[in-house]
Amino acid sequence: MRSRDSRTVTPWGYPHRAPFAPPGRRDDGRIRALPIRDARALRRPAFVKSPNDKGIRAMVYADGSRLPGPDAVDPGTVVLVSGIVAFSVEHRLYVLDGEVRTGGRYAEDGRLAPGPLDPDAAAFGAELLARHGSTLPSAIVVDVGRTDGRWAVVEANAAWASGCYAADPEASLDTVLRAAGPPGRRTTAPAGLARPAVFRPPRRVRRPTAGGAPPRPPARPGRRPRPPPHRSPSVARPPGRRPA
């Protein structure tokens, strides 16, 4: 189970507000953030996903009627609806403090294909962050891809919910820990891009005493202490006799 301490989340609608967005992901009416009740009225194929989590499966739907119904999802749930874009290759970049710390390929022609990070993808990510890094939280994952011969932003995702594929595990973990850590260790994100911090202190561990058994917690006022568990005395059996 993932920690529920302060989490950096994906900006709602970031793909269509992102610079270097591909055709079908520009803010020209072909991608929108809207309630799922409105998305169900679509009568054409579209790519639909949840903005911040995995509540709505990210995939191409033949039309809006294929989306989860009101018995499964609240009608006011916001989803991202996009035109269909074909990427020849897709890379995942782990971003920390405005820099690409690591990354790797995760798909080719829509199929899973983990591999090393393309230097062109890294260069595109560096250019993106140099010009627009202030629009993102300090620790996040940005997916980029090549379509129609040029690089573009696919989407941005929470680092704690993204597989590292062929990226360096240690370097990617730095981004994950920052994104899921206490707010004091994370650079303040732009308004609306981070959930309120909920820090939970670490759970106390009872250490054994000199006698070897852990100390029992004190009884609450007005309650009788719980009796120790009953242990039946061991009964020796004659050699060669099996229990009935």
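Guide: A residue counts as lining a pocket if it has an atom within 4 Å of one of the pocket's grid points. Keep in mind that this is a predicted model. Here the largest pocket is lined by 37 residues, with Phe47, Ala58, Glu90, Tyr106 and Glu155 nearest its centre. Its volume is about 740 Å³.

Visitor: What kinds of residues make up the lining of the largest pocket?

Guide: They split into 17 nonpolar, eight polar and 12 charged. Strand E9 gives the most to that lining, with three residues.

Visitor: Why are Tyr106 and Tyr165 called a stacked aromatic pair?

Guide: Ring centres have to lie within 6.5 Å to pair, and planes under 30 degrees apart count as stacked. These two are 5.6 Å centre to centre with 25° between the planes, so by the cut-offs they are a stacked pair. The count comes to one aromatic pair.

Visitor: Where in the chain do the partners sit?

Guide: Tyr106 is in strand E6, while Tyr165 is in the loop between E9 and helix H4, 59 residues apart.

Visitor: What makes Tyr106 buried or exposed?

Guide: Buried means under 20% relative accessible area. Tyr106 has 9%, so Tyr106 counts as buried. Tyr165 is at 40%, between the 20% and 50% cut-offs, so Tyr165 counts as partly exposed.

Visitor: How do you know that Arg92 lies over the face of Tyr106?

Guide: One test is that CZ of Arg is within 6 Å of the ring centre. Arg92 is at 5.1 Å, and Arg92 does lie over the face of Tyr106.

Technical notes
Residues numbered from 1 in each chain as written. Predicted model: local features only at pLDDT ≥ 70, side-chain atom pairs only at ≥ 80, totals over all residues. Heavy atoms only, no water. 1 Å grid on protein atoms, 1.4 Å probe; cavity = no way out; pocket = protein on both sides within 12 Å on 5 of 7 lines; lining within 4 Å. Points joined across faces, edges and corners; volume = space filled by probe spheres on them. Helix = DSSP H or I, 4+ residues; strand = E, 2+ residues; numbered from the N terminus. Nonpolar A, V, L, I, M, F, W, Y, C, P; charged D, E, K, R; others polar. Phe/Tyr/Trp six-rings, centres within 6.5 Å; stacked < 30°, edge-to-face > 60°. Buried < 20%, exposed > 50% of the residue type's maximum accessible area, 1.4 Å probe, protein only. Lys NZ or Arg CZ within 6 Å of the ring centre and 35° of its normal.
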